[in-house]
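Open the model in your viewer and keep a selection tool at hand. The tour goes stop by stop.

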Amino acid sequence: MQPPSAPDQRRATLARLASECFDLVVVGGGINGAAIARDAALRGYRVALVERRDWASGTSSRSSRLIHGGLRYLEHGELALVAESLAERRQLSRLARHLVRPLPFVAPVYRGDRWPAALVELGLWIYDALALFQGHARHQYFGPRRLVGLLPGLRQQELRGGVLYYDGQTDDARLVLENVLDARQAGAAAASYCALEAFETLQGRVATAALRDQLSGARLQIRGRCWVLAAGPQTDELLTLVDPQHHPWLRPTKGVHIVLRGDRLSVPRALVAYHPRDARVLFVLPFFEHTVVGTTDTDLQAPAAGTQAAAEEVAYLLAAANHYFPDAGLRADDVLASWSGVRPLLASATSEHGNTSAVSREHRIAIRADGIIVVAGGKLTTYRRLAAETLEAARPLLDADRPPRGPSTTADRPLPGASGLRSEAELQRLVAGLREGLGGDERLAHHLATTYGVVATRLVARVAERPALGRRIVSGLPFIWAEVAHAAREELALNLDDVLVRRVQLFYRASDQGLAASEAVAEALAEALGWSADERARQVVAYHELVARNRAWRR
């Protein structure tokens with residue numbers, strides 16, 4: 001029996017939203033909202049999760065894509081935050097083994113740096129200790145010659161040495177997606193492209209909310225006993241719907257990353273650096289066949305203005321890359337793509353000097369008298385713990401007049417792709433099995449294993465049934481056509497950019513950002529999503545416009 005089509009699945013979900021009364025309605029499909037919905041559904045609550053755009057389409061897919069302890073927070077004395085983050089790094093490397101991969105970092109020390117070599121190494125000993133010496137490997141100190149061997153092309157002038165240490169790298173959008181998929185598996189009704197437009201109260205408490213289906217324009221009412229706002233930068237905007245006098249919680253800042261073509265700069269390890277102009281911390285990161293540099297960190301008055309990079313921001317990041325890799329001679333033409341996100345930092349955490357880089361990433365959870373629980377702040381690494389804390393705070397509302405539910409189980413439950421991957425050896429065995437099923441294609445096997453985990457076996461089975469699905473979408477990249485159909489049928493993709501930006505990331509990796517392939521991908525999606533010829537054409541036009549906006553800083 002064939003599973004329901006993607007349109008049928010969406011219609012069934014919308015019908016649930018309109019007909020059921022949920023114990024918990026979570027608004028916001030970024031990492032926090034997805035994790036809260038998953039945790040609650042696994043505890044047995046009736047859960048709805050709604051997102052106004054695609055899953056992880058905002059801040060949660062525009063991070064530095066790191067799972068880390070926050071080494072620089074040691075500078076601000078935030079030992080508890082670092083220890084918590086390192087504990088979660090350890091958990092996620094087990095619970096999302098396919099997605100959270102160890103990444104070596106080089107932290108060089110130059111003459112005149114604000115932290116001499118001895119203090120840098122002391123900081124790494126503290127970092128290792130706070131990780132209970134259970135990271136991928138302990139840090140090592142190297143002299144200048146060996147350090148340059150670790151990171152060829154690194155500026156040698158006045159180099160005094162440096163430290164090699166490990167943190168984790170991930171695909172942030174896919175981390176969110178797997179939380180959403182597991183929440184659905186546990187019974188949650190999860191719908192993207194559903195915008196919350198109004199709350200309605202009964203006897204001082206929110207009882208219903210009006211949603212707008214962004215695809216059809218239809219309006220529906222959703223009922224809930226308890227409500228969680230995990231809307232990131234839109235938190236203050238949504239709170240004004242119930243409280244016009246709401247005082248803003250957030251101090252939004254803008255973070256820009258640029259993707260440099262790998263033939264212009266390639267790094268085998270990540271670089272931790274200070275910008276030569278203002279000493280802000282930034283990273284130069286390996287990104288598949290390319291290199292990422294980021295991030296900026298500037299105040300933002302209007303969140304909508306933070307969605308695209310500006311020419312001066314790109315120039316700022318290029319200046320840093322050229323400072324540390326002087327022989328590269330990087331120019332604006334070497335930038336393949338960029339991403340820009342709005343960080344929903346807590347306004348109360350601002351340092352006395354107003355430095356946005358010093359604003360804490362710690363979170364705030366507040367229970368309002370009208371039954372809304374607001375979650376703000378936080379960081380990607382600690383999302384699972386934030387979700388558990390939110391559910392514990394919600395217990396008085398969720399468990400009123402009924403037996404209490406059990407504690408969180410997410411510390412022991414792998415994400416779907418990591419199910420059964422109890423060790424690195426098992427992940428490697430998965431790669432070997434996929435390679436055999438793909439005719440010995442090592443690169444494709446590794447790509448599928450570290451993207452989908454054990455779910456990759458289903459894609460390889462489809463390729464065995466229909467060999468055409470094993471063809472590359474773009475020459476030179478590992479993406480295959482089986483991934484497009486999988487994104488629509490099993491990964492809740494509803495638009496062309498959902499696929500090309502967040503699931504099959506040609507937007508960031510193809511030399512033309514996926515423009516040449518966009519029509520063929522749209523044609524493949526049209527079959528799965530029931531698009532008309534006009535809708536298919538509209539999707540292609542919209543994607544081309546998205547790429548043009550991403551390149552607008554070049555003007």
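Predicted model: local features only at pLDDT ≥ 70, side-chain atom pairs only at ≥ 80, totals over all residues.

**Stop one: H10 and H12**

Select helix H10, residues 424-437. The axes of H10 and H12 come within 10 Å and cross at roughly 10°. Angles under 35 degrees count as roughly parallel, so H10 and H12 are roughly parallel to each other. Now show side chains. From H10, Leu430, Leu434 and Gly437 make the contact. H12 contributes Ala456, Thr457 and Val460. Colour by class: four residues are nonpolar, two are polar and none is charged.

**Stop two: H12 and H13**

The crossing is right-handed. On H12, pick Arg458, Leu459, Arg462 and Val463. They meet Ala482, Glu483, His486 and Glu490 of H13. By class, this contact has three nonpolar, one polar and four charged residues.

**Stop three: Val120**

Move to helix H4, residues 117-130, and select Val120. Is Val120 buried or exposed? Its relative accessibility is 18%, so Val120 counts as buried; the cut-off is under 20%. Leave aside neighbours within four places in sequence, and Val120 is in contact with Val109, Trp115 and Val163. Finally, draw a distance from Val120 to Pro108, twelve residues apart along the chain. Their C-alpha atoms are separated by 9.2 Å.

Definitions and conventions:
Residues numbered from 1 in each chain as written. Heavy atoms only, no water. Left-handed = near helix turned anticlockwise from the far one by under 90°. Helix = DSSP H or I, 4+ residues; strand = E, 2+ residues; numbered from the N terminus. Contact = heavy atoms within 4.5 Å. Nonpolar A, V, L, I, M, F, W, Y, C, P; charged D, E, K, R; others polar. Buried < 20%, exposed > 50% of the residue type's maximum accessible area, 1.4 Å probe, protein only. Axes fitted to C-alpha atoms, helices over the stretch in contact; angles between N-to-C directions. Parallel < 35°, antiparallel > 145°, perpendicular 65-115°, else oblique.
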